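These are my notes on the model you sent, written for someone who has not looked at it before. Please read them with the structure open.

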Amino acid sequence: MDRDMDRDNAGAFRRARRRGCPFCGDEVVTIDYKDPQALRYFVTERGKIVPRRISGVCAKHQRELTNAIKRARNIALMPFTSNE
Amino acid sequence: MAVFQIALPPRQREYETIYLMRPDVTKESAGKIANRIDDVVKREGGKLTLVETWGRRQLSYTVRRCKRAVYVYFKYIGGSGLVAELERNLRMLDDIIKFQTVMINPEIDLTEYKVDPNAVQFEELDLPEDVEDDKALERALGFIEPQKHARNADAYTDDDIENISDDDIPDLNNAKDGES
């Protein structure tokens with residue numbers, strides 16, 4: 001049990017989740033700066049943009065994501081940084 | 001060359017603007033702002049295509065000492081001069097604390113564009129009075145546990161993104177087929 005928890009804490013669980021780009025396979029999922037709930041998955045708890053080497057997003061969609069997150073931040077839909 | 005440029009009709013583009021009004025904005029003031037926007041768009045030869053009032057929302061950070069703001073979103077067709085004029089007007093209004101314009105379509109075919117006349121009316125603002133959080137002082141002083149935002153269980157922490165070395169990351173481009 002402990003060992004399982006350790007493994008989860010070490011990031012094994014997270015790594016198993018990393019697959020190809022979530023936007024390439026599914027054309028229904030769009031990147032929109034007006035939908036901060038959808039973008040929240042691609043920022044850390046502190047509000048930093050998650051690098052694509054971790055989220056697995058392709059370069060093209062990472063560019064769009066970055067743009068959308070920055071626009072959402074600018075209009076106060078997402079935080080620039082958060083200490084909570 | 002110059003003659004040729006003058007002969008071309010001005011390029012029509014589609015833009016969207018979000019503006020934020022103070023949370024305590026009155027119905028009359030919001031109505032005046034809406035009328036002004038309507039006038040500017042018409043005067044500059046543009047056309048409103050969609051107007052939405054998102055209501056009073058919590059801001060992610062404080063803007064001009066406001067923690068909440070009333071969001072209004074609208075889409076329109078016009079040239080770049082219209083955006084400049086619109087933003088100049090928005091900047092002058094005291095009740096507007098923030099705005100942002102984004103171009104969504106660089107070239108638009110007006111013959112194929114259909115607009116629902118009901119969708120371009122600015123709604124009359126009818127919000128309940130903005131109640132200040134009466135426990136804010138107690139919370140700031142630490143007498144009450146701060147309210148935690150619903151945390152995204154999947155969100156990465158900063159440690160995650162800094163501690164994972166590149167060796168831990170599989171090469172997605174080459175290992176795409178192998179992964180389930």
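1. Chain B exposes about 12,100 Å², and carbon and sulfur atoms supply 48% of that area. The model is predicted. Of the 180 residues in chain B, 33% are buried.

2. The chain has 5 helices and 4 strands. Read from the N terminus, the order of its elements is α-β-α-β-β-α-β-α-α. Among contacts in chain B between residues at least 6 apart in sequence, 78% are between residues at least 24 apart.

3. The strands of chain B form an open sheet of 4 strands in the order β2-β3-β1-β4, with antiparallel pairing. At its edges are β2 (47-63) and β4 of chain B, each of which pairs on one side only. On average, neighbouring strands of this sheet are turned by 20° against each other, direction ignored.

4. Thr53(B) stands opposite Val72(B), a residue of β3(B).

5. Helix α3(B) lies across β1, β3 and β4 of chain B and runs at about 155° to β3(B).

6. Does the length of α3(B) agree or disagree with its residue count? Helix α3 of chain B covers residues 80-92, and at 1.5 Å a residue these 13 residues should span 18 Å. The end C-alpha atoms are 19 Å apart, which agrees.

7. Which residues of α3(B) are buried? They are Leu82(B), Val83(B), Glu85(B), Leu86(B), Glu87(B), Asn89(B) and Leu90(B). The cover over these buried residues includes β1 (13-21), α2 (27-43), β3 (66-78) and β4 of chain B. When reading the list, recall that an α-helix has 3.6 residues a turn, so residues three or four places apart point the same way.

8. The loop between β2 and β3 of chain B deserves a separate look. Arg64(B) lies in this loop, and its phi is near 45°, a positive value in a residue other than glycine. Arg65(B) is found in the loop too, with a phi near 65°, again positive in a residue other than glycine. For comparison, most residues other than glycine have a negative phi.

9. Are Arg64(B) and Arg65(B) buried or exposed? Arg64(B) counts as exposed because its relative accessibility is 52%, and exposed means over 50%. Arg65(B) counts as exposed at 84% relative accessibility.

10. Gln100(B) sits in strand β4 (residues 96-105) of chain B. At 7% relative accessibility, Gln100(B) counts as buried, because the cut-off for buried is under 20%. Not counting residues up to four places away in sequence, Gln100(B) touches Tyr33(A), Arg71(A), Asn74(A) and Ile75(A) in chain A, and Glu16(B), Thr17(B) and Ile18(B) in chain B.

11. What does the side chain of Gln100(B) make a polar contact with? The partner is the side chain of Asn74(A), at 2.9 Å. Asn74(A) is also among the residues that Gln100(B) touches.

Notes: Residues are numbered from 1 along each chain as its sequence is written. Chains are lettered from A and ligands numbered from 1 in the order in which they are written. This is a predicted model: local features need pLDDT of at least 70, side-chain atom pairs count only at pLDDT 80 or more; totals for chains, interfaces and linings use all residues. Side-chain values use heavy atoms; hydrogens and water are left out. Helices (H or I, at least four residues) and strands (E, at least two) are DSSP runs, numbered from the N terminus. Buried means under 20% relative accessible area, exposed over 50%, partly exposed in between (1.4 Å probe, protein chains only). A polar contact is a pair of N or O atoms within 3.5 Å; within protein, one must be able to donate a hydrogen and the other to accept it, and residues adjacent in sequence count only if both atoms are side-chain atoms. Contact means heavy atoms within 4.5 Å. The expected span of a helix is 1.5 Å times one less than its number of residues. Two strands pair if DSSP finds at least two bridges between them. Axes are lines fitted to C-alpha atoms, for helices over the stretch in contact, and angles run from 0 to 180 degrees between N-to-C directions. Accessible areas come from the Shrake-Rupley method with a 1.4 Å probe; for residues, only the protein chains shown count as cover.
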